[in-house]
Amino acid sequence: MDTKQLKIMTLDEAVKRIEDGMVVGIGTGSTIELLVPEIAKLVNDKGYQLIGVCTSERTEIQAKKLNIPIVSVNEVEHIDIAIDGADEIDPQLNLIKGGGAALFREKVIDEMAERFIVLADETKLVDYLGQTFKLPVEVDCFNWYQVLKRIETHIDGTVTRRAVQGQPLITDNGNYILDVHLISQTDPYALHEFLIHLTGVLETGYFLNLATEAIVGTQEGVKVMVR
């Protein structure tokens, strides 16, 4: 099976965790794009009274087109469950996220959620964070280069500003993304603490101690990992 088929395998398990009346945090990325129509079926076919809170403008547009009621994060007091993808998952369910450049909004919503469920295919499972994917860091446009140089002097690796078609990528928050390529295994807790205190850094793509469960599509079937 290809990776898309592996992602599709996770959808039924994810939908089972959504109950009528919930406030649902809806993530961003290719796996969630497959999940949103399944959430819409709960609303449109089964009559569930759900409220969605989206982690990106792209997801919000898709959800609204499918008649899922959507509100902003500032209009809810709590989130019952958040469902999102990940770029890497380590054995302790710590994550790297941000491949879709929505990491700040994702972290806001995932931290609010009573339960945070991760959907992924088996290629996202790693021995340690940074093994296969660069760490995204959202930074202010004003001093992005100064931040980049400070990070490079601190790590064993390189840092680049993310671009799309030759132009700097701009997040939904109006910021840049720096992608940190870690050459050697690095303590994610220590690196996050260093990065988050740099003036100009909004958030890092380390999602540590947040996920409560991961639903992973593998060649042998669906694997459920619980913290």
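**The second largest pocket**

Author: Helix H5 supplies four residues to the lining of the second largest pocket, the largest share. Helices (H or I, at least four residues) and strands (E, at least two) are DSSP runs numbered from the N terminus. The model is predicted: local features need pLDDT of at least 70, side-chain atom pairs need 80 or more, and totals for chains, interfaces and linings use all residues. Residues are numbered from 1 along each chain as its sequence is written, and side-chain values use heavy atoms, leaving out hydrogens and water.

The second largest pocket has a volume of about 190 Å³. A pocket is an open set of points on a 1 Å grid over the protein atoms alone, with protein on both sides within 12 Å along at least five of seven lines; a cavity is a set where a 1.4 Å probe fits but cannot get out; lining residues have an atom within 4 Å of a point. Points are joined across faces, edges and corners, and volume is the space filled by probe spheres set on them.

Fourteen residues line the second largest pocket, and Cys54, Ser72, Val73, Arg105 and Ile109 are the closest to its centre. Strand S2 (51–54), H4 and helix H5 (103–112) are the elements that each give two or more residues to this lining. By class, the lining holds seven nonpolar, four polar and three charged residues. (Ala, Val, Leu, Ile, Met, Phe, Trp, Tyr, Cys and Pro count as nonpolar; Asp, Glu, Lys and Arg as charged; the others, Gly among them, as polar.)

Now the largest pocket. Its volume is about 460 Å³. Its lining has 26 residues, and Thr28, Gly29, Gly99, Gly100 and Ala101 lie nearest its centre. Two elements give two or more residues to this lining: H3 and strand S6 (113–121). H3 provides the largest share, four residues. The lining divides into eight nonpolar, 10 polar and eight charged residues.

Thr28 and Gly29 turn up again in the lining of the largest cavity, together with Ile32, Glu33, Arg58, Thr59 and Gln62. Helix H3 (30–44) and helix H4 (57–65) are the elements that give two or more residues to this cavity lining. H4 gives the most, three residues. The classes here are one nonpolar, four polar and two charged. The largest cavity holds about 40 Å³ of space. The structure has one cavity of 30 Å³ or more.

H4 gives two or more residues to the second largest pocket and three to the largest cavity. H3 lines the largest pocket with four residues.

Away from the open space, look at a helix contact. Arg150, Ile151 and His154 in H6 meet Leu191, Phe194 and Leu195 in H7; contact means heavy atoms within 4.5 Å. These contact residues comprise four nonpolar, one polar and one charged.

Met1 lies in the segment before helix H1 (3–9). Met1 and Thr218 stand 217 residues apart in sequence, yet their C-alpha atoms are 8.7 Å apart in space. Leaving aside residues up to four places away in sequence, Met1 touches Leu6, Met9, Thr218 and Gln219.
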